[in-house]
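Welcome! Take a look at the model below and turn it around a few times before reading on. The notes that follow will walk you through some of its features.

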Amino acid sequence: MSAPERLPQNRDVWRIAAPLIISNVSVPLLGMVDTGVTGHLDNAAYLGAVAIGGAVFSFLYTGVNFLRMGTTGMTAQAFGANDSAAIRNSLGQALVVALLIATALLLLQQPIKHFALQLLAPDAAIAPFANTYIGIRIWSAPATLANYALIGWFIGLQNARIPLAIVLVTNAVNILLDLLFVVVLGMTVDGVALASVIAEFSGLAVGLTYAARELARHGGSWDVTRLTTPAAYTAFFAINAHLFVRTIALVSTLVFITAQGARLGTLVLAANAILMNLQLLLSFALDGLAHAAEALTGKAIGEKNKRALRQSVALTLRWSLGTAVAFSALYVLAGPLFIRTLTDLPDVRETAIRYLPWMVLSPLVSVWSFLYDGVFVGATRAREMRDIMLASALLVFLPSWYLLQPLGNHGLWLAFTLFMAARGIGMHYYYERRVASDAEA
């Protein structure tokens with residue numbers, strides 16, 4: 001008699017999600033420290049410069065987040081199929097691509113700075129500080145992109161402890177150096193940027209150390225041909241090209257929001273930077289559960305276990321909804337306290353609190369797209385992710401923003417809310433008609 005089929009349980013979700021939620025939440029907490037140390041300086045231009053610089057690197061670094069997502073999906077399916085060679089190859093190819101992209105960013109840093117500042121158009125008081133921040137932080141590119149690949153690989157292997165270690169070391173070093181450089185040594189945006197560079201390389205050292213141990217456990221050796229022959233990257237780019245377009249559309253939308261905030265004035269720009277930290281706190285918490293969905297659904301597909309796929313989605317969705325409700329309640333009760341903690345500039349506080357209700361609504365609207373992102377990554381449904389993101393950005397967000405301009409910053413946040421709602425609705429539609437129906441076939 002064969003052993004009974006084992007389906008994913010709540011403990012499987014939280015074995016992956018809990019460490020990743022902790023590590024993910026530490027990322028926006030770091031952003032809050034960046035905001036906090038500059039928000040308590042004597043000039044709001046420092047805070048605006050970090051907001052502008054952060055938007056640039058959100059575009060550059062999050063724009064290549066396909067290195068993390070694509071690596072997770074491919075590795076999870078290889079892990080489910082117990083294919084050691086594919087597991088090793090997924091990491092090697094991701095690291096090679098990460099190094100090539102980072103090299104290109106470093107070589108093109110001058111035109112990148114010029115184009116970014118022209119696009120975001122900060123006022124004359126902010127622009128020099130933003131230029132300094134970008135010029136220093138760009139040197140974190142090799143470490144940041146390699147860390148994306150390593151974190152995605154470990155998540156695909158159902159190992160959430162190592163990504164936790166990488167992120168916590170990175171962020172702990174960053175926070176300590178923020179305080180040292182800005183509070184103790186009197187630096188401004190240059191200290192914040194330098195802290196980020198040193199911290200990313202600290203995290204990379206941790207990730208490579210653990211990766212070497214994991215590879216030794218799986219055995220095998222590197223296939224140089226698979227790493228150096230362009231034709232061997234066909235499967236890698238077939239998935240990641242769609243993820244790249246999808247991510248660029250997402251980050252472009254977020255950068256557009258920052259740019260429009262800047263055009264509404266330094267005060268609105270600074271207030272929106274604080275509110276975006278609350279959105280990032282939410283997104284990284286929900287992403288912890290989405291990462292669990294990636295790993296569990298990818299493993300189920302690799303095992304060709306259709307019941308496990310359905311169970312993985314049901315469990316992670318249930319926990320994601322509960323988390324979203326908790327965040328809405330948290331922002332109702334403690335949102336003003338968060339804002340007052342992040343800045344002591346009275347006008348910025350007042351402006352941020354005025355728009356806080358959008359952050360209370362956001363968890364309930366955003367939760368669907370975050371969870372389904374994880375499901376689609378695990379299922380390597382990159383094309384569908386791309387199509388939904390483009391439709392949400394081009395057919396919902398931009399028309400909404402254009403029509404809602406008379407509402408000012410309220411109109412900007414409403415357009416963003418409609419954008420997130422469109423993503424969730426679109427992904428639910430595709431899930432029922434593509435991913436779930438294939439699981440039933």
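How many of the 15 residues of helix 3 are buried? The count is 13 of the 15, so helix 3 is largely enclosed by the rest of the structure. Keep in mind that this is a predicted model.

- Helix 3 covers residues 66-80, and its 15 residues should span 21 Å at 1.5 Å a residue. The C-alpha atoms at its ends are 21 Å apart, which agrees with that expectation.
- Just after helix 3 comes Asn 82, with a positive phi of about 60°. Asn 82 takes this value although it is not a glycine.
- Asn 82 sits in the loop between helix 3 and helix 4, and it is exposed because its relative accessibility of 66% is over the 50% cut-off.
- At the start of helix 4, Asp 83 brings a side-chain oxygen to within 3.3 Å of the backbone nitrogen of Ala 85.
- Helix 4 runs over residues 84-107, and its 24 residues should span 34 Å at 1.5 Å a residue. Its end C-alpha atoms lie 35 Å apart, which agrees.

**Around helix 8**

- Gln 158 is found in the loop between helix 7 (141-156) and helix 8. Gln 158 has a positive phi of about 65°, although it is not a glycine.
- Is Gln 158 buried or exposed? Gln 158 is buried, because its relative accessible area of 10% is under the 20% cut-off.
- Val 184 belongs to helix 8, which spans residues 161-184. Val 184 is exposed, with a relative accessible area of 60%.
- Together with Leu 179, Leu 180, Val 183 and Leu 185, Val 184 makes a nonpolar surface patch of about 460 Å².

**Salt bridges**

- Side chains of opposite charge can pair when their charged atoms come close. How many salt bridges does a search of the whole structure find? The search finds nine.
- One of them joins Arg 217 and Glu 214, whose closest N and O atoms are 2.8 Å apart. Both residues lie in helix 9 (residues 189-218), three residues apart, or about one turn of the helix.
- An α-helix has 3.6 residues a turn, so residues three or four places apart point the same way.
- Arg 217 is exposed, with a relative accessible area of 61%, whereas Glu 214 is buried at 11%.
- Glu 384 and Arg 381 meet through their side chains in a salt bridge of 3.1 Å, N to O. Both Glu 384 and Arg 381 are buried.
- Asp 387 and Arg 386 also form a salt bridge with their side chains, at 2.8 Å from N to O. Asp 387 is partly exposed, with a relative accessible area of 29%.

- Ser 362 has its place in helix 15, residues 357-378. Ser 362 counts as buried, at 4% relative accessibility.
- Which residues is Ser 362 in contact with, leaving aside its neighbours within four places in sequence? These are Gln 279 and Leu 282.
- With Gln 279, the side chain of Ser 362 makes a polar contact, side chain to side chain, at 2.5 Å.

Technical notes: Residues are numbered from 1 along each chain as its sequence is written. This is a predicted model: local features need pLDDT of at least 70, side-chain atom pairs count only at pLDDT 80 or more; totals for chains, interfaces and linings use all residues. Side-chain values use heavy atoms; hydrogens and water are left out. Patches are made of residues with over 30% relative accessible area and no salt bridge: like charges are joined within 9 Å, nonpolar side chains (Val, Leu, Ile, Met, Phe, Trp, Tyr) within 5 Å. Accessible areas come from the Shrake-Rupley method with a 1.4 Å probe; for residues, only the protein chains shown count as cover. A salt bridge is a side-chain nitrogen of Lys or Arg within 4 Å of a carboxyl oxygen of Asp or Glu. Helices (H or I, at least four residues) and strands (E, at least two) are DSSP runs, numbered from the N terminus. Buried means under 20% relative accessible area, exposed over 50%, partly exposed in between (1.4 Å probe, protein chains only). The expected span of a helix is 1.5 Å times one less than its number of residues. A polar contact is a pair of N or O atoms within 3.5 Å; within protein, one must be able to donate a hydrogen and the other to accept it, and residues adjacent in sequence count only if both atoms are side-chain atoms. Contact means heavy atoms within 4.5 Å.
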